[in-house]
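Please look over the sequence and the structure shown below, and keep both at hand while reading.

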Amino acid sequence: MLALAAATVLPRQDTGPLSFNWYALEPADDIKWTPCFGSQLCARLNVPLDYSTPNGPTAQIALQMIPAADKENYQGTIIVNPGGPSGPGTQFVLGNGIKLSRIFGPTFDILGFDPRGTGATTPLIQCFNSVKEANAWSIALGMMWDYPHDTSVQRTRAHTQLIGQLCKDKFGGSGKEELGANATEWGPARFVGTASVVRDMVRISEKLGQPKVRYYGVSYGTTIGQHLAALFPDKIERMIIDGVQDGHHWLNGYNYDIITDVGDVIDDFYQTCVAAGPSKCSIWEKTALGVKRRVERVLDSLRNDPIPIAHSVGGPFVLTEDIFLQVVFTDLYSPLSGFPDIAQLARAVETRDITRLAHVADGAVDTSALPPWYQPNESLFAIECGDWPPYTDSLRDSLSALRKSIALVPRLGLYAASSTTHVRMACSGWPIAQKNRFAGPLAGALPVPVLVTSSRYDPVTPLAGARNVTARYPGMRLLVQEGAGHAAYTTMSKCTAGIMRAYMITGELPPEGTSCKRELVPFVDVEDLEYDLAAQARFGRPFSHRLAHRS
Ligand SMILES: *[C@@H]1O[C@H](CO)[C@@H](O)[C@H](O)[C@H]1NC(C)=O
Ligand SMILES: *[C@@H]1O[C@H](CO)[C@@H](O)[C@H](O)[C@H]1NC(C)=O
Ligand SMILES: *[C@@H]1O[C@H](CO)[C@@H](O)[C@H](O)[C@H]1NC(C)=O
C-alpha cells in the first residue's frame with residue numbers, strides 16, 4: 001500500500017491525532033462519554049461478540065462524536081461510516097467531522113464508530129506480530145503488479161494465502177464456544193462481518209436513547225446501509241448511502257466491474273485541465289488528447305528511466321511507473337485535490353524535480369511508533385472475505401479477472417485491480433468462516449424514504465451500482481451529483497448538501513431524476529466547506545429548480 005507520509009508525522013498537540021489514548025478509556029456496557037480531541041466526545045462500548053450469545057465474550061466498539069452545537073433544536077445523532085471496509089469511523093470524524101457537521105447542520109451530533117476489527121475497536125485484526133513484519137509484507141504486495149511480465153500474480157496468491165493463515169492462527173478461534181471462554185477462543189475474526197456491524201449500529205442508537213438509526217454511509221458504508229435496510233428496515237429513522245457498492249455483487253464475491261467508469265474520470269481530468277488553462281494545470285495542452293499524450297510520455301519516461309529518490313519522506317525509494325500510477329488511481333477519488341496533484345507530479349517527473357517527488361512515499365513509511373489504532377491491519381480481508389461466500393479460484397480465474405480489469409481501463413487497469421482482483425485473490429480459500437454471515441437478499445421494501453447519492457463518474461462505485469441498489473429497495477430515491485470523484489461526498493455542492501440536510505431533518509426526498517450541478521471545478525476551485533447558507537435557504541421549502549435540475 002502506498003501513503004503520503006505526511007499523515008504519519010502526526011502532530012502531538014492537545015487536540016491532535018495523538019492527543020488521546022483510546023486504550024486508557026474504560027469500556028462500559030453503556031455509552032460513557034469522555035472529552036477528547038478538543039471539544040469532541042469519545043467512548044468505548046461493550047457489545048456481544050455474538051449477538052446470539054449475549055452473555056458470551058464482548059467486543060469493545062470505539063465511538064467518537066461531535067456533539068450538536070444547537071442544543072435547543074436538537075434532533076439526534078447521525079452515525080457515519082467512511083467505507084473501506086476497514087475505514088475507522090473515529091478517524092473519519094477526526095478528519096472530516098467538521099465537513100459532516102456543516103453538511104448536516106448544528107442540530108445533529110455526528111458520530112463515528114470503528115467497525116469490528118478496525119481502528120480503536122478491540123479486538124483489532126492485526127495478523128502480523130509486528131509493524132515491521134506487516135510493512136515488509138505490504139511492500140511486497142505493493143510491488144506485485146508486474147503482470148504479464150513475470151509471475152507476480154502467482155506470488156500474490158501465495159502472499160494472500162499466508163495472510164489468511166496468520167489471521168486464522170491468531171483470530172480464527174479454537175473452535176470452543178463456551179460462555180466462560182474469551183474472545184480469542186471464540187475467534188474474533190469470525191464476528192467482524194457486516195451483519196454483526198449493523199447490529200452494533202442498532203445497539204449504539206439504542207444506547208443513545210434513540211430507538212431508530214440515523215445513518216450516513218460512504219462506499220463500503222453503503223454496503224452496511226444495504227444490510228441495515230435488509231435486516232432491520234424498521235430500525236431506520238433516516239439513511240443516506242453515498243457512492244454505492246452493488247450489494248448483490250458483494251454477497252457473491254464478484255466486483256470486477258466496479259472500475260467501469262475510471263475512463264470517464266480520467267477524461268474529466270483531461271478536460272478540466274484544458275479548461276483551467278496553463279496557469280492552473282501544470283501539464284496543460286490545448287486539447288484533451290494533447291494532455292493525454294503528455295501524460296503518456298511521462299509514464300513512458302518513468303518506465304524506461306525510473307527516478308531514484310535518496311531522501312523521500314518515507315526514506316530512500318525509486319519512483320517507478322507502477323508507483324506513479326498507484327498515486328494517480330488514488331487521486332482520482334477526490335478530483336478537487338487529486339487532479340492538481342496528478343498534474344504537479346507529472347510535471348515534476350518531466351523536470352525530474354526531486355524535491356517535489358520526495359513527498360511521494362512508498363510502503364516503507366515507518367509507523368511503529370504510532371499507537372495500534374493507526375497501524376496497518378488485516379481487517380479489510382477479514383470483513384470482506386467473511387461477507388463473501390466461500391470459493392476457491394484457480395490461477396486461471398485470477399489471471400482472467402486481472403485481464404478483464406486491464407481491458408476495462410488501459411494502463412491504469414492493473415492498479416485499479418488492486419481493489420478488485422487483489423481482494424478476490426485474498427478471499428479465495430479464506431480459512432475463517434463468519435458465524436452470522438448474511439446470505440441475502442439485499443433487497444426489500446422500506447417503511448421510510450431513503451436517500452441514495454452518487455457522483456456522475458465514480459472510479460470505484462459507478463453510478464450503475466447506485467441505480468441497481470435503488471431499484472431493489474422500494475423507498476429509495478437517487479440523487480446524482482454531476483462531476484467526477486468517489487461518492488457525492490468528494491464532489492459536494494451546496495445543492496447536494498442542502499438536499500441531504502433537508503432529508504435528514506424532514507425526511508423529504510428530492511423529485512425523481514434530480515441531479516445537482518457541479519459547483520466546484522478541479523484545478524479552479526478548492527474544497528469549500530460553507531454549506532450552511534444553501535441549506536438554510538432550502539430548509540422547510542419545496543425543492544426549486546434553482547437548486548436542483550433534472551438529469
Ligand atoms: C487498518 O487498515 C485500514 C486500511 O485497510 C486503514 O484505513 C486503517 O487506518 C488501519 N488501521 C486500523 C487500526 O484500523
Ligand atoms: C484466552 O484464554 C486462553 C486460554 O485460557 C488464554 O491462553 C489467553 O491468554 C486468553 N486471552 C485473552 C486475551 O485473555
Ligand atoms: C448492475 O446490474 C447489472 C444487471 O444485473 C449488472 O450487470 C451490473 O454489473 C451492475 N452494475 C454495477 C456497477 O453493480
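## Surroundings of ligand 1

A backbone N or O atom of glycine 119 lies 2.7 Å from an oxygen atom of ligand 1, a polar contact in the sense that the pair of N or O atoms is within 3.5 Å; within protein, one atom must be able to donate a hydrogen and the other to accept it, and residues adjacent in sequence count only if both atoms are side-chain atoms.

## Basis of the model

This is a predicted model, in which local features need pLDDT of at least 70 and side-chain atom pairs count only at pLDDT 80 or more, while totals for chains, interfaces and linings use all residues. Residues are numbered from 1 along each chain as its sequence is written, chains are lettered from A and ligands numbered from 1 in the order in which they are written, and side-chain values use heavy atoms, with hydrogens and water left out.

Ligand 2 is surrounded by Asn182, Thr184 and Glu185. An N or O atom in the side chain of asparagine 182 is 2.4 Å from an oxygen atom of ligand 2, and a polar side-chain atom of glutamate 185 lies 3.4 Å from an oxygen atom of this ligand. Taken alone, ligand 2 exposes 360 Å², of which the protein buries 27%.

Around ligand 3 stand Asp246, His249, Asp257, Pro462, Ala464, Gly465 and Asn468, and the largest share of this shell, three residues, comes from helix H17 (residues 463–472); helices (H or I, at least four residues) and strands (E, at least two) are DSSP runs, numbered from the N terminus. Oxygen atoms of ligand 3 lie 2.8 Å from a polar side-chain atom of aspartate 246 and 2.3 Å from a side-chain N or O atom of asparagine 468. The protein buries 58% of the 360 Å² that ligand 3 exposes when taken alone.

## The second largest pocket

The second largest pocket has a volume of about 350 Å³. On a 1 Å grid over the protein atoms alone, a pocket is an open set of points with protein on both sides within 12 Å along at least five of seven lines, a cavity is a set of points where a 1.4 Å probe fits but cannot get out, and lining residues have an atom within 4 Å of a point. Grid points are joined across faces, edges and corners, and a volume is the space filled by probe spheres set on the points.

The pocket is lined by 18 residues, of which Ile266, Tyr270, Glu296, Pro410 and Arg411 lie nearest its centre, and helix H8 (262–276) gives the largest share of the lining, five residues.

Notes. A residue is near a molecule or strand if one of its heavy atoms lies within 4 Å of it. Accessible areas come from the Shrake-Rupley method with a 1.4 Å probe; for residues, only the protein chains shown count as cover.
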